Amino acid sequence: MGIAVKVMENGRMVLPIAIRRQLGLEKGGTLIIEGGDTEVTLRTLDQTLDKVRTAFAAYADLPGTSVDDFLANRRADSGE
């Protein structure tokens, strides 16, 4: 079940302590807010970075995608 939170006229709201504790934000921190058609998702910065890492992990071992490959291609393009 959700927790009712009042949004002030200026758009501010207070994130309840139970939610801050759940997210590890008792002493403050950064949240990433994603708005969908019918919902809003709050994630910590670390959760968002983990989500991005997971999404791109499948591409990490593809041929030609390493930093060394990138640098070799740049050197070849520049004539080195």
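The following paragraphs describe the fold, the surface and the side-chain contacts of a predicted model.

Residues are numbered from 1 along each chain as its sequence is written, and side-chain values use heavy atoms, with hydrogens and water left out. Because the model is predicted, local features need pLDDT of at least 70 and side-chain atom pairs count only at pLDDT 80 or more, whereas totals for chains, interfaces and linings use all residues. The mean pLDDT (the predictor's confidence in each residue, from 0 to 100) of the protein is 88, and 99% of its residues reach 70 or more. Confidence is highest in strand S1 (residues 31-35), with a mean of 93, and lowest in helix H3 (residues 67-78), with a mean of 88.

The protein contains three helices and two strands; helices (H or I, at least four residues) and strands (E, at least two) are DSSP runs, numbered from the N terminus. Read from the N terminus, the order of the elements is α-β-β-α-α. The radius of gyration of the protein is 21 Å, well over the 12 Å that the globule rule gives for 80 residues, so the protein is more spread out than a compact globule. In this comparison the radius is taken over C-alpha atoms, and the globule rule is 2.2 Å times the number of residues to the power 0.38. Along the principal axes, the C-alpha atoms fill a box of roughly 60 × 30 × 25 Å. Of the 80 residues, 6% count as buried, where buried means under 20% relative accessible area, exposed over 50%, and partly exposed in between (1.4 Å probe, protein chains only).

A nonpolar patch on the surface is formed by Ile-3, Val-5, Val-7 and Met-13, which together have about 330 Å² of accessible area. Accessible areas come from the Shrake-Rupley method with a 1.4 Å probe, and for residues only the protein chains shown count as cover. Patches are made of residues with over 30% relative accessible area and no salt bridge; like charges are joined within 9 Å, and nonpolar side chains (Val, Leu, Ile, Met, Phe, Trp, Tyr) within 5 Å. Val-7 belongs to the segment before helix H1 (17-23).

Three salt bridges are found in the whole structure, each defined as a side-chain nitrogen of Lys or Arg within 4 Å of a carboxyl oxygen of Asp or Glu. Glu-34, Arg-43 and Lys-51 are linked in a network of such bridges.

Arg-53 is exposed, with a relative accessible area of 52%, while Asp-50 is partly exposed, at 44%. Helix H2 also holds Gln-47, which counts as partly exposed at 35% relative accessibility. Gln-47 and Ala-18 are 29 residues apart in sequence, and their C-alpha atoms lie 18 Å apart in space.

The loop between H2 and H3 includes Leu-62, a residue that counts as partly exposed at 42% relative accessibility. The C-alpha atoms of Leu-62 and Glu-9 are separated by 50 Å, the two residues being 53 apart along the chain. In helix H3, the end C-alpha atoms are 17 Å apart, which agrees with the 16 Å that its 12 residues should span at 1.5 Å a residue; the expected span is 1.5 Å times one less than the number of residues in a helix. Just after H3, Gly-79 adopts a positive phi of about 85°.
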